[in-house]
Amino acid sequence: MDALKHTPLYDLHVELGAKMVPFAGYDMPVQYPMGVMKEHLHTRAAAGLFDVSHMGQVILSGADWEAVARAFETLVPMDVLGLEDGRQRYGFFTNEAGGIEDDLMFARRGEDILVVVNAACKQADIARLKAALEPDVRVTPLEDRALIALQGPGAEAVLAGLDARAAAMRFMDVADLELGGTAVWASRSGYTGEDGYEISVAPGDAEALVRALLAQDAVEAIGLGARDSLRLEAGLCLYGHDIDAATNPVEAALTWAIQKVRRQGGARAGGFPGAAAILAALDSGAARKRVGLLPEGRAPMREGVVIYDAAEGGTAVGTVTSGGFGPTVGGPVAMGYVAAQAGAIGTSLWGEVRGKRLPLSVAKLPFVAAGFKR
Amino acid sequence: MKFTEEHEWLREEDGEMVVGITIHAAEQLGDVVFVELPDEGITVSKDDEVVVIESVKAASDILAPVDGVITEVNSALTDNPGMVNDDPQGEAWFFKMKISDPEQMADFMDEAAYQKFIG
């Protein structure tokens with residue numbers, strides 16, 4: 001196996017006493033001495049700082065915005081062309097079968113697109129982009145650039161104290177900021193369901209910036225453990241678990257991310273991989289769907305738990321794809337796929353944990369209301 | 001107090017053994033969010049899975065350290081699993097058992113040996 005890679009913040013994580021674990025080829029902090037539970041609660045109450053530099057950052061550039069946007073639209077079922085300068089959108093790469101190859105965020109920065117993709121998929125994503133877009137559109141991976149997230153209700157005050165323009169950004173805006181003299185690219189978005197920012201910064205500036213942020217009372221370093229419980233409570237998908245190459249966006253309940261202009265009857269309908277399958281599914285619905293699952297007892301229901309429609313006997317109607325304890329909810333939370341007829345909010349189902357069927361109900365996502373500044 | 005290689009402790013009290021997990025084990029587990037205790041009165045054999053603990057990270061089984069009968073369980077843990085992190089070698093005992101073969105205790109470590117074991 002190859003040696004684990006380090007982000008520009010590796011030494012700082014070790015200095016802070018983080019427990020480091022392998023994740024997507026990187027040695028990453030899963031938790032700090034505070035522990036997952038307190039890190040999670042701190043993020044929802046104040047501000048949590050996450051190192052997400054393992055994620056892929058890629059610039060797409062070309063003759064002009066229209067050329068770049070139209071090229072990127074051949075890979076994703078999103079309205080790219082209509083994205084205003086300084087705005088960001090959620091999206092995903094699809095395959096010919098209509099499955100999801102990776103999910104991503106893309107932002108318009110002038111005539112360019114900045115794409116942020118999952119760490120585990122980034123090599124495949126870069127290869128996909130190069131194969132499809134070059135030479136007309138240049139694909140430039142920002143291999144070493146750091147990415148940090150500052151999330152929580154206290155994030156705005158912290159960043160605005162360094163650059164007042166941070167407060168003027170709305171949810172899904174992107175802007176250039178100067179944080180204590182350091183030039184960064186910021187977006188007002190994240191993966192926790194809280195208000196907050198993701199900050200792309202040159203590798204040599206990352207540690208000093210993070211130290212300056214951590215010096216503020218509201219800010220604590222948060223590991224990947226709490227990042228996972230925060231996104232689960234927020235109802236957000238984890239690629240490779242809640243969505244994958246065999247999941248189409250309709251069953252994944254991600255149709256909100258496919259704008260009308262790319263759907264049947266839209267001005268730029270189809271024209272992305274798997275368009276026939278996805279447009280048909282948009283029309284006919286899916287046999288299964290991703291839903292929130294709320295266990296009634298205290299026992300967490302984790303990935304792989306099979307869901308039944310009866311306490312005894314009955315039929316297997318689904319599977320948990322992400323599950324665990326939700327510190328803000330104060331109990332177990334999960335999401336997974338169930339047969340469409342079992343997917344109505346409030347439906348009583350049972351998950352089999354250690355040979356016992358335990359009751360749960362289909363629940364509305366997110367489990368914790370979003371704190372976005374729209 | 002005696003310690004096992006499975007990171008459990010046993011403390012004799014009124015002719016019974018009180019059983020819990022060590023401070024080291026609790027630290028390794030992380031925040032405990034769920035504890036499932038056995039029924040009182042059941043007969044167990046050494047290495048039977050008798051308790052399930054779930055932390056924010058994963059589920060773990062606690063094994064019966066010796067043969068015997070479970071006489072009492074600490075039901076306070078069911079409502080307040082976080083006690084396992086707060087006081088693993090005190091208030092957060094899991095169960096008491098009447099042991100059937102005291103010789104099974106012979107291999108267990110004293111505190112000094114356990115500290116050396118966990119290095």
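Met172(A) sits in the loop between helix H6 (165-168) and strand E10 (174-179) of chain A, where helices (H or I, at least four residues) and strands (E, at least two) are DSSP runs numbered from the N terminus. The model is a predicted one, in which local features need pLDDT of at least 70, side-chain atom pairs count only at pLDDT 80 or more, and totals for chains, interfaces and linings use all residues. Residues are numbered from 1 along each chain as its sequence is written, chains are lettered from A and ligands numbered from 1 in the order in which they are written, and side-chain values use heavy atoms, with hydrogens and water left out.

Asp14(B) belongs to the loop between strand E2 (8-13) and strand E3 (16-21) of chain B, and it is exposed, with a relative accessible area of 75%.

Two cis peptide bonds turn up in chain A. One runs from Glu134(A) to Pro135(A), with omega near 5 degrees, and Pro135(A) lies in the loop between helix H4 (122-133) and strand E8 (138-141). The other links Leu365(A) to Pro366(A), with omega near 0 degrees; Pro366(A) follows strand E19 (356-363). For context, most residues other than glycine have a negative phi, and most peptide bonds are trans.

On to helix packing. The axes of H2 (residues 36-45) and H8 (residues 224-233) of chain A come within 8 Å and cross at roughly 55 degrees. Here axes are lines fitted to C-alpha atoms, for helices over the stretch in contact, and angles run from 0 to 180 degrees between N-to-C directions. H2(A) and H8(A) are therefore oblique to each other (under 35 degrees counts as roughly parallel, over 145 as roughly antiparallel, 65 to 115 as roughly perpendicular and the rest as oblique). On the H2(A) side, Val36(A), Glu39(A), His40(A), Thr43(A) and Arg44(A) meet Gly225(A), Ala226(A), Ser229(A), Leu230(A) and Glu233(A) of H8(A), contact being heavy atoms within 4.5 Å. H2(A) is mostly covered, with seven of its ten residues buried; among them are Met37(A) and His42(A).

As for cysteines, the structure holds zero disulfides over all chains, a disulfide being a pair of cysteine sulfur atoms within 2.5 Å. The sulfur of Cys121(A) is 13 Å from the closest cysteine sulfur, in Cys237(A), which is too far for a bond. Cys121(A) is buried at 11% relative accessible area, and Cys237(A) is buried at 6%.

Finally, two spots bring together residues separated in sequence. Lys5(A), in the segment before helix H1 (10-15) of chain A, is partly exposed at 41%. Its C-alpha atom is 4.5 Å from that of Tyr26(A), 21 residues apart along the chain. Beyond neighbours within four places in sequence, Lys5(A) touches Gly25(A), Tyr26(A) and Asp27(A). In chain B, Ser100(B) occupies the loop between strand E9 (95-99) and helix H4 (111-118) and is exposed at 52% relative accessibility. The C-alpha atoms of Ser100(B) and Val69(B), 31 residues apart, are separated by 7.9 Å.

Definitions and conventions
Buried means under 20% relative accessible area, exposed over 50%, partly exposed in between (1.4 Å probe, protein chains only).
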